[in-house]
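Q: I'd like to learn how to read ligand shells, sheets and pockets in a model like this one. Can you walk me through it?

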Amino acid sequence: NEVLRLEAVGKTYGKNGPAPVEVLHGLDLTVARGEVVALVAPSGAGKSTLLHIAGLLDTPDSGRVLLNGRDMTGLGDKARTQARRRELGFVYQFHHLLPEFTAAENIVLPQLANAVPARQARLRAADLLDRVGLGPRADHRPAELSGGEQQRVAFCRALANSPALLLADEPTGNLDPETSDRVFGVLMDLVRDTGLSALIATHNHDLAARMDRVIRLDERLA
Ligand code: ADP
Ligand code: ADP
């Protein structure tokens, strides 16, 4: 019962050039349903490459990517985009919220893109904001929110379409240590409450230790 399975995934940049860079080689990785996995990797080990491949933003040179048991390898752009919108949620180090829209609107918009009726989308946004303690901030724009609050809104947006898997790259990396710790706790509660599966890249070993399992990228490479 796996949400994500990477099988013998390989990726080399500049394959046909003079100086190819092999980043991933025979990488196997799974995320079970409801499991929260930490991805710890030193800079340059291929963390971003792996997240892009798992997020269907890039394709591996070899191996397979299965999402909810479905082989994504070789799907066309349109099918991949659709799978990304419906089944995956993304959180980055920086929130990337749309500055001209309110917190609630930032959570409503991706649902409208998935043809969710507006009223239902607004209810979903309000519920998610309540869960992260931002109900009273629903009508504030990102600039009116603190860094930690902006990131909590970004978590809600990632969950807006009830994805099967959350992919996060240093989700609290731009916050001071105390805020990072607190906001990470909010993310974990949100993930646990909704039964979401997650692959979360972090350099922070304390945060990694709070997840179900830790994958270290350097150790996987020969
Ligand atoms: P990380 O996120 O762990 O720092 P990346 O996945 O971004 O690592 O990159 C891994 C390696 O691949 C690095 O050596 C990087 O320079 C190289 N790399 C990444 N993207 C490209 C690219 N588009 N073309 C060539 N080399 C790349
Ligand atoms: P923290 O130190 O808790 O990360 P700040 O000191 O930046 O947060 O902000 C404290 C509170 O003031 C937060 O709840 C934030 O939403 C609110 N706030 C910050 N800037 C504005 C603003 N321009 N308009 C309205 N509320 C704001």
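**Ligands, sheet and spaces**

A: Start with the shell around ligand 1: its residues divide into four nonpolar, five polar and one charged. Here Ala, Val, Leu, Ile, Met, Phe, Trp, Tyr, Cys and Pro count as nonpolar, Asp, Glu, Lys and Arg as charged, and the others, Gly among them, as polar. This is a predicted model, where local features need pLDDT of at least 70, side-chain atom pairs count only at pLDDT 80 or more, and totals for chains, interfaces and linings use all residues. Residues are numbered from 1 along each chain as its sequence is written, chains are lettered from A and ligands numbered from 1 in the order in which they are written, and side-chain values use heavy atoms, with hydrogens and water left out.

Q: Which residues surround ligand 1?
A: A residue is near a molecule if one of its heavy atoms lies within 4 Å of it. For ligand 1 that gives Tyr13, Val23, Pro42, Ser43, Gly44, Ala45, Gly46, Lys47, Ser48 and Thr49. Helix 1 (residues 47–54) supplies the largest share of this shell, three residues. Helices (H or I, at least four residues) and strands (E, at least two) are DSSP runs, numbered from the N terminus.

Q: What is 2.5 Å from an oxygen atom of ligand 1?
A: Look for polar contacts, meaning a pair of N or O atoms within 3.5 Å; within protein, one must be able to donate a hydrogen and the other to accept it, and residues adjacent in sequence count only if both atoms are side-chain atoms. At 2.5 Å from a ligand 1 oxygen you find an N or O atom in the side chain of serine 48. Ligand 1 exposes 570 Å² taken alone, and the protein buries 56% of that. Such areas come from the Shrake-Rupley method with a 1.4 Å probe; for residues, only the protein chains shown count as cover.

Q: Which residues surround ligand 2?
A: The shell holds Arg137, Ala143, Glu144, Leu145, Ser146 and Glu149, which divide into two nonpolar, one polar and three charged. A polar side-chain atom of glutamate 149 sits 2.3 Å from a ligand 2 oxygen, while an N or O atom in the side chain of arginine 137 is 3.0 Å from an oxygen atom of ligand 2. Glutamate 144 uses a polar backbone atom, 3.1 Å from a nitrogen atom of the ligand. On its own ligand 2 has 560 Å² of accessible area, and the protein covers 40% of it.

Q: In what order do the four strands form the open sheet?
A: Two strands pair if DSSP finds at least two bridges between them. The order here is 2-1-4-5, with antiparallel pairing. Strand 2 (21–32) and strand 5 (70–71) are at the edges with a single partner strand each, so one side of each has no neighbour in the sheet. Strand 4 (residues 62–67) pairs with strand 5 over two bridges; leucine 66 has aspartate 71 as its bridge partner in strand 5.

Q: How much space lies in the largest pocket?
A: On a 1 Å grid over the protein atoms alone, a cavity is a set of points where a 1.4 Å probe fits but cannot get out, and a pocket is an open set with protein on both sides within 12 Å along at least five of seven lines; lining residues have an atom within 4 Å of a point. Grid points are joined across faces, edges and corners, and a volume is the space filled by probe spheres set on the points. The largest pocket has about 370 Å³. Helix 3 gives the most to its lining, four residues.
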